[in-house]
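Trainee: I would like a close look at a single part of this model, with its surroundings described in order.

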Amino acid sequence: MSTATRPSITLPNAARAERARAVYRACLYYSIALTAVWAFLITTGVGGGKLFANYKLTLEQIAGTVIFMVIFWVIWSYGWYFFKRWLLRRAGFDREELGAVFSSRLDGFDLDAVLARHPARPIRIIDMVARRGRTLVFIAAGFGYVYVQTQKTPGPESLAFGLQANVFDSILMNWLSLLAFRSNGAFGNIMYGAQARVLDGVQGRANALLIGTLWSAFRFVMIPLGLVLAGMFPPNRYAVLFAFIWITYAVADYATEVFGSIWGRHNIRVWGIGDLNAKSWEGFAAGFVCALVAMVAIAWSQQLPPSWYVLAFVLAAINPIVELASPRGTDDFTMATVNAIVCVAFGWLVM
């Protein structure tokens, strides 16, 4: 691929590495603060109030988290790492290039040189397949389970999805990601092999780490927002609210990357964590269409009044806009948070 046609990278390699380390430090400080709060709750027994009501850590919760980690983060993730490695070999990457791709990349990774030897489009598709394939089953199963449970036993806690039930999971996941950040072996490949994009270059793991850390932060943001929503809407609408907040975001996020990677021209330059930051109008349009279809289908299946179809359209339109405007690495947090805020505004207007 000639220099004239391949994507441009503005920051020098040293600056990209420093930005990656800065992201690591920010995520480290957040995890330390989160762990300190958790340790305080555990050791003092302080758990009063709406946000921390009846908080406790049980052996059943620990066992469930460990089993989940072994199945998903070890067996499943390692399998997708090997699949991504195989795809890159098929795309012409040699042993030395593969070693660099699956390293921490902090000590040197020349994305310019990679793009001089390999076209960007197949690399982008491989990045997408590995990332989305790895998380698709988990997200679909998790969202489906919570949606069904919320329908069966609706309660404020189903919308305040966060600290009360998931603080231990968040802490463990954050620390594993931090510990694996500089690993060039199996540990690093388990945590980042499928998730760190080749086209994010030196900042590949920083992008993945930031996404995971902000996702755990959203769980905390959702606690007060969820409690507000629970006070606005009747319990028989909790499952629909969950779908409108979470599923809209998930569908839009997947569609923008999947369709954008395969058919997008990526001529929209954006800022964020990654050596090569670009998005496409094709992905933007796909995010809107897919989110709208999903939300209209849910509204129709639940026989909702016309005002909910308006909400479906607003969320479907807002999600790709927020995804496009958000710095890369932050859109999971911003899209889900904006969805919850829009639903709060909807409650004020119609309830």
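Leaving aside its neighbours within four places in sequence, which residues is Trp308 in contact with?

Mentor: This is a predicted model, in which local features need pLDDT of at least 70, side-chain atom pairs count only at pLDDT 80 or more, and totals for chains, interfaces and linings use all residues. Residues are numbered from 1 along each chain as its sequence is written, and side-chain values use heavy atoms, with hydrogens and water left out.

Apart from neighbours within four places in sequence, Trp308 is in contact with Phe233, Arg237, Val240, Leu241, Phe244 and Phe346; contact means heavy atoms within 4.5 Å. Buried means under 20% relative accessible area, exposed over 50%, and partly exposed in between, using a 1.4 Å probe and protein chains only.

Helices (H or I, at least four residues) and strands (E, at least two) are DSSP runs, numbered from the N terminus. In soluble globular proteins, nonpolar side chains tend to be buried together.

The structure holds 13 salt bridges, each being a side-chain nitrogen of Lys or Arg within 4 Å of a carboxyl oxygen of Asp or Glu. In one of them, Arg132 pairs with Glu257, with the closest N and O atoms 2.7 Å apart. Arg132 lies in helix 5 and Glu257 in helix 10, so this pair ties together parts that are 125 residues apart in sequence. Both Arg132 and Glu257 are buried. They also belong to a network of salt bridges that links Arg131, Arg132, Arg197, Asp200, Asp253, Glu257 and Arg328.

Another salt bridge joins Glu282 to Arg265, the closest N and O atoms being 2.8 Å apart. Glu282 lies in helix 11 and Arg265 in the loop between helix 10 and strand 1 (268-269), so the pair ties together parts 17 residues apart in sequence. Glu282 is partly exposed, at 23% relative accessible area, whereas Arg265 counts as exposed, at 66% relative accessibility.
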